[in-house]
Amino acid sequence: MGSAFEERARGLDFAGAVQALLRGTGAAAESRWMTGLRRARESNLLFGVGLHAAARLEQGHTLSALERDLYDALTTVMTPEELVIAGREYRSAVSDLGQIAVLPTAVTSRPLSRAFELQDLLDQVPVVEEQNAKLANCALVDPVSLVLGDPATSPAYAKEVRETGYGVVMASGMPPAADTDQAAPTYRATFEFEKFKCVRAVGDQGGGRDEILWTVGARSDHHVESTFTSQEFGAVSPGDEESFSTANKVAFDGLAGSYVAMTVMVWEVDDSGKKWANALNRFIGEWLSKEIWTEISLGLVSGIAGGAAGWVASLVDLGFRIIADLNLLQFLHNANDLSCQEVFLLDRSALMHMFHHKDAQWHFDGDGHHRLHVNYSGDRPVFPSGALEVVPLVSGSTSFEARLPMGWESASPAELCSFNDELHCMYIRPGDRAVMWSVLKDSAWSEPRQARSGWTSSFRPALTVFRGQLFAVIVASNGNLVESVLENGAWAATATINSRSMVGQPVSTNQAPCLAVDSRGRLQCFVRLEGTGYGFTGEAISFDRGNSPLEWGTFLDWRWTTDRAPSHAYEPSGTRWAGFRVPGGALVFKSVISGGVVDSSPSPAIAVADGPTLFMNGASMWAAWCTTDREVYIGDAHNHRDSQRLAWDTLVGQPAAVEHQGTVYVMYRR
């Protein structure tokens, strides 16, 4: 139920509502919506641009493309007369106050003679990113968080959403990143709202019983969805669970490539509130369809490909925050009962997790608390594929003569392993995601074939020689690690990997694993864990498998925080090496010598798009990596100043590298 001052704030005439919003006067200054606007001042840019455009148009100025798109969209919720009033009140507030507490100076300091362009908007994204880094209700989360029953975000996020009614969540794994020079492959993405549970009622109607309505505005990089409005759920009390109508539960259904973005709003409605929810939906549909969103979408795709999660989340916030601003204006002008609004951006990796887990649970903890069950029923998200290319080098050197195309396309980085005088290669076939296998023997590669019927994955397999056999670990289609061994020229049936540290729970990941054998002859798996419930999500953890019994042991004391696929390897002396990318993109190398950890990371830092690959080159530990500029390098892990660039204009991802019969083979995707 709205507080007393919120109730008094309602019912102002339109001019009074605009004045109260811009000047922070009256009871409105104390509302949670005004609190949110002040805290996120820089994010209210587009609302300011809309007011700036209305004032400019009244004075006879020609609007920019951005201003025109905004103005036209605003006509769905304001009459021409109201837009004139809004423009005049904005002009008056700027003249009287100089600065407006809820609008960025990037707009208010601009004279009406000067238009606001798209580039001006993009120039402000870093400013918003800096602001949002300090706000708890703008969250970057691991994709697995969106499919768990517990809130995906922190308690601080929930607290800020309750205080402001608004939140932004970006779920991004981003591997493998797209080649920015090619269009991301498309697939049909479908989101269905199945049911929701009332954890805490809004209670606006008294007695803790609510009339609940859900609305959604969504788009991808290839499709703008018609706005969604659920049926109205009557007399909802705490503990009640309500199902969406089978005829009206699809919130998004269309082609996607790199992302799906949506704003989800839960309302406690009366008649006037429902009318406003419908009007706001008209604005959302009109705004997300505007031509300017083509440019915004290109920015999102480029940012996702570059791993700039904070920048992407801030651009999404800018694009959707105007909806919250308009809702406050209507709140001041008339009754509306929006309990909570959250904006989600899901990249391809996040959609892949939803594809596997199906029943995602999202928490909307505003005036009331409602747990929404979301089912991704669309196609498996498709990652970009690239042509595999290999560079043979003389062992112990960086000299090479040619880059050899393999003639195969792969949807993930490939894996290489030397075994019994043969070089084995595994990669992922685009389309059906089959795990493919080929062998180099007597200078010729065998025709690639599916390693075993039914083997599919979206991530690079891991290979190593263990106990005289070729051993493989694969990320299955459900995200769990499975193992197999090559027996008499054929791969055995897989078994799910369980670690004693997880009490029989399968080991799950959203990154490629890595295998190595230590000086004691124990097989070790190094992998970035996710969603274990054991506090290791986001960390690269190693665990081993001894000769007897043949079971995976507990997690070893070797843990690093990473956001990409890690790598590890052993020197003949027993020195262990780990290589990984830390959040933010820097390449890191660690080694254990005489029980102590040595940091051998490059200085100055090298920005990489994925984790590196460690391998022996002659008598020394070397590494191969791909930079964010899509260049593949190799170099001594002890000394990175002498690294050698092997290839450029590649598809980003973890290179494969191995020494085989006096030659080092480095494989990547073009």
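Biologist: Axes are lines fitted to C-alpha atoms, for helices over the stretch in contact. With that settled, at what angle do the axes of helix H4 and H5 cross?
Modeller: In this predicted model, the axes of helix H4 (residues 45-58) and H5 cross at roughly 90° and come within 9 Å. Angles of 65 to 115 degrees count as roughly perpendicular, so H4 is roughly perpendicular to H5.

Biologist: Which residues make that contact?
Modeller: From H4 come Leu 46, Val 49, Gly 50, His 52, Ala 53, Ala 54, Arg 56 and Leu 57. H5 contributes Leu 66, Glu 67, Arg 68, Leu 70, Tyr 71 and Leu 74. By class, the contact of H4 with H5 has nine nonpolar, two polar and three charged residues.

Biologist: Take Leu 66, then. Is Leu 66 buried or exposed?
Modeller: Leu 66, which sits in helix H5 (residues 65-74), has a relative accessible area of 1%. Buried means under 20%, so Leu 66 counts as buried.

Biologist: What does Leu 66 touch, leaving aside residues up to four places away in sequence?
Modeller: On that basis, Leu 66 touches Leu 46 and Val 49, then Phe 116, Glu 117, Leu 118 and Leu 121, and also Trp 287 and Ile 292.

Biologist: And how many residues along the chain separate Leu 66 from Trp 293?
Modeller: They are 227 residues apart along the chain, yet 9.4 Å separates their C-alpha atoms.

Biologist: Another helix pair: how do H3 and H10 pack?
Modeller: Helix H3 (residues 32-39) and helix H10 (residues 155-164) have axes 7 Å apart, at an angle of about 120°. This angle makes H3 oblique to H10.

Biologist: What classes of residue make up the contact of H3 with H10?
Modeller: There are two nonpolar, three polar and five charged residues. Arg 32, Trp 33, Thr 35, Gly 36 and Arg 39 of H3 meet Glu 160, Val 161, Arg 162, Glu 163 and Thr 164 of H10.

Biologist: Why is H3 described as largely enclosed by the rest of the structure?
Modeller: Because six of its eight residues are buried. The buried residues in H3 are Arg 32, Trp 33, Met 34, Thr 35, Gly 36 and Leu 37.

Biologist: Changing topic, where is the place of Ser 412?
Modeller: Ser 412 lies in the loop between strand S14 (404-410) and S15. Its relative accessible area is 1%, so Ser 412 is buried.

Biologist: What does Ser 412 touch, with sequence neighbours up to four places away not counted?
Modeller: Its contacts are Ile 428, Ser 458, Phe 459, Arg 460 and Arg 669. Ser 458 belongs to the loop between strand S19 (449-450) and S20 and is buried, with a relative accessible area of 6%. With the same exclusion, Ser 458 touches Met 352, Arg 380, Ser 412 and Arg 433.

Biologist: Finally, how many residues line the largest pocket?
Modeller: The lining has 27 residues, with Leu 463, Thr 464, Leu 515, Leu 614 and Val 658 nearest the centre of the pocket. Elements that give two or more residues to this lining include strand S15 (415-419), strand S20 (462-466) and strand S37 (651-660).

Biologist: Which element gives the most to the lining?
Modeller: S37 does, with six residues.

Biologist: How much space lies in the largest pocket, and how do its lining residues divide?
Modeller: The space is about 560 Å³. The lining divides into 18 nonpolar, six polar and three charged residues.

Key:
Residues are numbered from 1 along each chain as its sequence is written. This is a predicted model: local features need pLDDT of at least 70, side-chain atom pairs count only at pLDDT 80 or more; totals for chains, interfaces and linings use all residues. Side-chain values use heavy atoms; hydrogens and water are left out. On a 1 Å grid over the protein atoms alone, a cavity is a set of points where a 1.4 Å probe fits but cannot get out, and a pocket is an open set with protein on both sides within 12 Å along at least five of seven lines; lining residues have an atom within 4 Å of a point. Grid points are joined across faces, edges and corners, and a volume is the space filled by probe spheres set on the points. Helices (H or I, at least four residues) and strands (E, at least two) are DSSP runs, numbered from the N terminus. Ala, Val, Leu, Ile, Met, Phe, Trp, Tyr, Cys and Pro count as nonpolar, Asp, Glu, Lys and Arg as charged, and the others, Gly among them, as polar. Buried means under 20% relative accessible area, exposed over 50%, partly exposed in between (1.4 Å probe, protein chains only). Contact means heavy atoms within 4.5 Å. Axes are lines fitted to C-alpha atoms, for helices over the stretch in contact, and angles run from 0 to 180 degrees between N-to-C directions. Angles under 35 degrees count as roughly parallel, over 145 as roughly antiparallel, 65 to 115 as roughly perpendicular and the rest as oblique.
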